[in-house]
Amino acid sequence: MIKKIGLIGLGYIGTTILNAVSEEANENLTIQAVYDIDNVKMKDVAEKHPSIRLMQHVTDFQDCDIVVECAVQQVVAEVFDEIIKSGKHFVPMSIGAFISLPGLFSKYQKLAEIKKKNIMLPSGAIGGFDCVETIKLVGIKSAKLQTRKPNRAFRNNSYIESNNIKLNEHSPVVIFKGNAKLAATYFPRSINVAARLALSTLGPEKTLVEIIADPSISKNIHAIEIESEVGKYTFLFENNPSPTNPKTSWLAALSAIYAIRSI
Ligand SMILES: NC(=O)c1ccc[n+]([C@@H]2O[C@H](COP(=O)([O-])OP(=O)(O)OC[C@H]3O[C@@H](n4cnc5c(N)ncnc54)[C@H](O)[C@@H]3O)[C@@H](O)[C@H]2O)c1
């Protein structure tokens, strides 16, 4: 049976998904409908893909089996209840929403397991979740994320400015140490990875995050350390930025395509 996708957000990740699904000879998936607040992007899809329906509003996805969000965190909150009620599959990319928007994390936590299974959290710019889920059979003692990004990633960050943190042009500077929830508050643009890890491990309060501004790198580097009675596990992800949106790692868009295909 063909699964119909409703795609919300036509930026880097959205267009990567659109192109991948449209170009591949996959008889099981089709892009049914799209939505973006930017009308120019909607018009572009209408011209290039006349068979794709343009959604009238963000929850206009009744004829879709899978809703993919690749827009902004607020959209996750706007569509969440409707998707859960309808039993559709949901692939949210703005995962930071689950720890930074009030109420969404507890809504997610309270979902019955069967409903939770309809939410496919893409691994995003990190991975290793098969191992994490396996360790969870015994339990996780600690989960830490160290994110290292080039100095330019932190330009105009209000936390850095108000705490008078000086970035150094020659050596790395630790700019934040705290839990995932605080990281979400102070670094809203960098928290999808922290949120993804927190949702699969110890939650926003107990998952620890360190953020480093490193002038010597051009990649976004995430190191994860998990301790359990089963063992100690370290994962390292050195991500190249995407060709068109330097804020987004290429791997993140690919993870969305993988998540959709695995439904
Ligand atoms: N899970 C992860 O690891 C991970 C990694 C990278 C990016 N992301 C997140 O995925 C999302 C998309 O990333 P991107 O690189 O494609 O961003 P992008 O900026 O290239 O595209 C976002 C698109 O969403 C549209 N948009 C904005 N507000 C909207 C709204 N209210 N309704 C509908 N459309 C709206 C914009 O017009 C734009 O076309 C972002 O929230 C980003 O933070 C997640």
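In strand 8 (residues 208–213), Ile-212 is the bridge partner of Arg-148. This is a predicted model, in which local features need pLDDT of at least 70 and side-chain atom pairs count only at pLDDT 80 or more, while totals for chains, interfaces and linings use all residues. Residues are numbered from 1 along each chain as its sequence is written. Helices (H or I, at least four residues) and strands (E, at least two) are DSSP runs, numbered from the N terminus. Two strands pair if DSSP finds at least two bridges between them.

The order of the open sheet of five strands is 7-8-6-9-10, with mixed pairing. Strand 7 (173–179) and strand 10 each have a single partner strand and stand at the edges, so one side of each lacks a neighbour in the sheet. On average, neighbouring strands of this sheet are turned by 10 degrees against each other, direction ignored. Axes here are lines fitted to C-alpha atoms, for helices over the stretch in contact, and angles run from 0 to 180 degrees between N-to-C directions.

| Strands | Bridges | Direction |
|---|---|---|
| Strand 6 and strand 8 | Six bridges | parallel |
| Strand 6 and strand 9 | Seven bridges | antiparallel |
| Strand 9 and strand 10 | Nine bridges | antiparallel |

Leu-145 has Ile-224 of strand 9 as its bridge partner, and Asn-220 has Asn-239 of strand 10. Strand 9 is joined to strand 10 by a hairpin through two residues.

Helix 10 (residues 192–200) packs on the sheet and touches strand 6, strand 8 and strand 9. The direction of helix 10 makes about 165 degrees with that of strand 6. Contact between two residues requires that their C-beta atoms, placed from the backbone, lie within 7 Å.

Helix 12 (residues 250–261) has 12 residues, which at 1.5 Å a residue should span 16 Å; its end C-alpha atoms are 17 Å apart, which agrees. The expected span is 1.5 Å times one less than the number of residues. Among the buried residues of helix 12 are Leu-251, Ala-256 and Ile-260. A residue is buried if 20 or more other C-beta atoms lie within 10 Å of its own, exposed if 12 or fewer, and partly exposed in between. The buried residues of helix 12 pack against several elements, including strand 1 (3–8), helix 1 (12–23) and strand 10.

The ligand is surrounded by 30 residues, of which the closest are Gly-11, Ile-13, Gly-124, Thr-248 and Ala-252. A residue is near a molecule if its C-beta atom, placed from the backbone, lies within 6 Å of it. Helix 1, helix 3 (73–86) and helix 10 each supply at least two residues of this shell.

**Single residues**

Ile-99 lies in helix 4 (residues 97–100) and counts as buried because it has 28 C-beta neighbours inside 10 Å. Residues that Ile-99 touches include Phe-105, Ala-184 and Pro-204. The C-alpha atoms of Ile-99 and Ile-191 are separated by 9.0 Å, although the two residues are 92 residues apart along the chain.

Most residues other than glycine have a negative phi. Asn-156 has a positive phi near 65 degrees and sits in the loop between strand 6 and helix 8 (158–162). Asn-156 is exposed, with 6 other C-beta atoms within 10 Å. Asn-164, in the loop between helix 8 and strand 7, has a positive phi near 55 degrees.

Definitions and conventions. Lists of a residue's contacts leave out its neighbours within four places in sequence.
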